[in-house]
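Q: Could you walk me through reading this model, one feature at a time? I would like the general idea and then the case at hand.

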Amino acid sequence: MAKSGSWTRIWPSFVRLCLLNLVLNFKTTALADDTATVAATTENTCKNTNYQTFLPPPYQNISHMICTPVWHTFELRYIMNGDTTTMILSAPYTIGWVGIGFSRDGMMVGSSAMVGWISKHGHAKIKQFYLRGRRQSEVIIDKGELPLNNVPPAVATNGAEIHLAFQLQTTTPFQKQPILLAFGSKYPQNHHLSNHEDKTAIVFDFSAGSTGPVSHELTQMRTKHGILGIIGWGLILPVGAIIARYFRHKDPLWLYLHAIIQFVGFTFGLSTVILGLQLYSKMHAHIQAHRGIGIFALVLSILQIFALILRPKKDAKIRKTWNLYHSWFGRLALIFAAINIVLGMQAAGAGSDWKIGYGFLFGIMVTAAIVLEVLAYLKRSEMRSLPPNFQIDPVGGPTFPSNQALSFLFLPSFYIICLVKMALKKQNF
């Protein structure tokens with residue numbers, strides 16, 4: 001039987017892992033400045049195109065428009081007169097559709113876009129779409145937050161290019177604005193857009209006519225939000241719950257470990273929610289389910305903290321009710337947290353590395369719980385089969401679970417460190 005001294009060897013390692021995770025999560029990085037280019041006129045930066053031959057008024061006169069190449073051979077022309085901003089997006093075109101979206105955070109979800117195409121029958125189409133989600137059914141036609149004025153938008157082709165023209169009526173002039181550019185190679189069917197062939201996100205400075213990458217501050221905040229959530233809700237809190245269920249024979253060590261680990265996990269979870277609320281205040285993303293479930297899981301965690309403070313004595317009559325409340329509220333919090341991690345990755349467009357990494361971590365946790373549950377069931381069955389007068393060695397105590405099983409639970413900590421390093425390096429959450 002493993003002695004309790006082995007716990008003293010495992011515990012410092014766990015503390016060091018937690019501290020290392022904190023240092024990696026809150027690593028300070030310098031914010032990269034948006035690149036700036038000097039605004040130029042149509043004559044010296046863009047192709048000389050005569051819009052009077054194929055676009056209706058007021059999109060014909062572009063002599064005073066600022067024109068900037070924005071992506072590949074895409075060109076964006078614009079001019080601001082008072083509260084009216086006129087824009088023309090020019091892009092290569094054969095078939096399919098071309099779109100320009102306006103986002104708060106550089107993400108597709110929650111943005112509004114103007115999309116233009118020429119149908120199979122040669123009819124020009126330009127519509128506003130609201131990108132409520134990533135699925136095709138969540139891209140809603142004739143909806144969005146773009147303040148179009150009474151001047152009808154226009155779309156036309158000229159040679160091998162398509163030109164989308166529209167006007168926006170804004171109370172405050174555009175300055176630095178995240179813009180999405182995308183195109184698809186299939187005709188929209190019943191105004192349902194096909195998946196894009198390629199896309200990009202830039203920050204366009206309308207006050208200077210320059211472009212740059214999406215805000216590094218928001219990108220880093222999203223990455224830290226995801227890392228904190230996966231470590232707190234996906235690793236630390238499940239480990240603490242498993243210790244409470246399967247290692248009670250190590251009394252009172254299990255209680256101290258459970259309380260400390262859950263408090264550390266609660267700190268990570270609280271930091272995740274706080275950072276999420278800061279993100280929401282900056283970008284107002286329309287991901288109500290993710291936001292609501294996150295707050296709900298936090299409330300359940302706060303109730304668990306109160307449960308620890310108000311923990312009744314073992315011989316109290318209310319102890320059985322308290323045990324049911326504490327265990328089931330904890331299970332609910334972990335279940336909703338796992339669902340919310342998946343929702344968050346979908347909303348943020350996380351890459352396959354994030355999904356595979358969390359899937360591997362989740363699989364380890366579920367496998368560990370199943371193995372320990374089966375072993376506990378076999379142990380209980382064995383104890384029930386013993387003679388009534390059989391006495392367990394009071395010195396040795398029960399031998400299940402072993403400390404090897406506990407060390408298996410800490411294996412994901414080492415894996416999560418690799419995931420954190422990779423995420424901080426790529427910054428693509």
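Q: Is Gln167 buried or exposed?

A: The cut-off for buried is under 20% relative accessible area. Gln167 has 9%, so Gln167 is buried.

Q: Which polar contacts do the side chains of Gln167 and its partners make?

A: There are two to look at. The side chain of Gln167 meets that of Thr86 in a polar contact of 2.9 Å, and a polar contact of 2.8 Å links it to the side chain of Asn149.

Q: What is the bridge partner of Tyr130 in E7?

A: That partner is Ile140. E6 pairs with strand E7 (residues 139-141) over three bridges, again in the antiparallel sense.

Q: How many residues lie between the strands in the hairpin of E1 and E2?

A: Two residues lie between them, and His72 takes a positive phi near 50 degrees in this hairpin. Strand E1 (residues 66-71) pairs with strand E2 (residues 74-81) over five bridges in the antiparallel sense. Ile66 stands opposite Tyr78 in E2.

Q: Which members of the largest nonpolar core touch the most other members?

A: As a general idea, nonpolar side chains tend to be buried together in soluble globular proteins. In this model the largest nonpolar core has 36 residues, of which Met87, Ile100, Phe102, Ile179 and Leu181 touch the most other members. E5 gives the most to this core, with five residues. A second, separate core has 35 residues, including Leu235, Leu237, Tyr246 and Met345.

Q: What is Met87 in contact with, leaving aside its neighbours within four places in sequence?

A: Its contacts include Leu76, Tyr78, Phe102, Leu164, Phe166, Leu168, Phe174 and Phe206. Arg77 is also among them.

Q: Let us turn to the helices. Where is His225 found, and what does its side chain reach?

A: His225 is found in helix H3, residues 216-246. Its side chain reaches the backbone oxygen of Thr272 at 2.9 Å. His225 counts as buried because its relative accessibility is 16%. Not counting residues up to four places away in sequence, His225 touches Thr272, Leu275, Gly276, Leu279 and His290.

Q: Which residues does the UniProt annotation "transmembrane region" cover?

A: According to the unreviewed UniProt entry, this annotation covers residues 227-247, 253-280, 292-310, 322-344, 356-378 and 405-424. Residues 253-280 are 100% helix and 0% strand, with their end C-alpha atoms 40 Å apart. Residues 292-310 are 95% helix and 0% strand, and there the end C-alpha atoms lie 27 Å apart.

Q: Finally, over which residues is the pLDDT below 50?

A: Where pLDDT is low, the predicted coordinates should not be read in detail. The protein chain averages a pLDDT of 77, and 75% of the residues score at least 70. Over residues 18-44, however, the pLDDT is below 50, although this stretch has 52 contacts in the model beyond near neighbours in sequence. Residues 393-399 also stay under 50, and the model has eight contacts for them beyond four places in sequence.

Terms used. Residues are numbered from 1 along each chain as its sequence is written. This is a predicted model: local features need pLDDT of at least 70, side-chain atom pairs count only at pLDDT 80 or more; totals for chains, interfaces and linings use all residues. Side-chain values use heavy atoms; hydrogens and water are left out. Two strands pair if DSSP finds at least two bridges between them. Helices (H or I, at least four residues) and strands (E, at least two) are DSSP runs, numbered from the N terminus. A nonpolar core is a set of buried Ala, Val, Leu, Ile, Met, Phe, Trp, Tyr and Cys residues joined through side-chain atoms within 4.5 Å. Buried means under 20% relative accessible area, exposed over 50%, partly exposed in between (1.4 Å probe, protein chains only). Contact means heavy atoms within 4.5 Å. A polar contact is a pair of N or O atoms within 3.5 Å; within protein, one must be able to donate a hydrogen and the other to accept it, and residues adjacent in sequence count only if both atoms are side-chain atoms. UniProt positions are given in the numbering used here, feature names are shortened, and annotations may be inferred rather than shown by experiment. pLDDT is the predictor's confidence in each residue, from 0 to 100.
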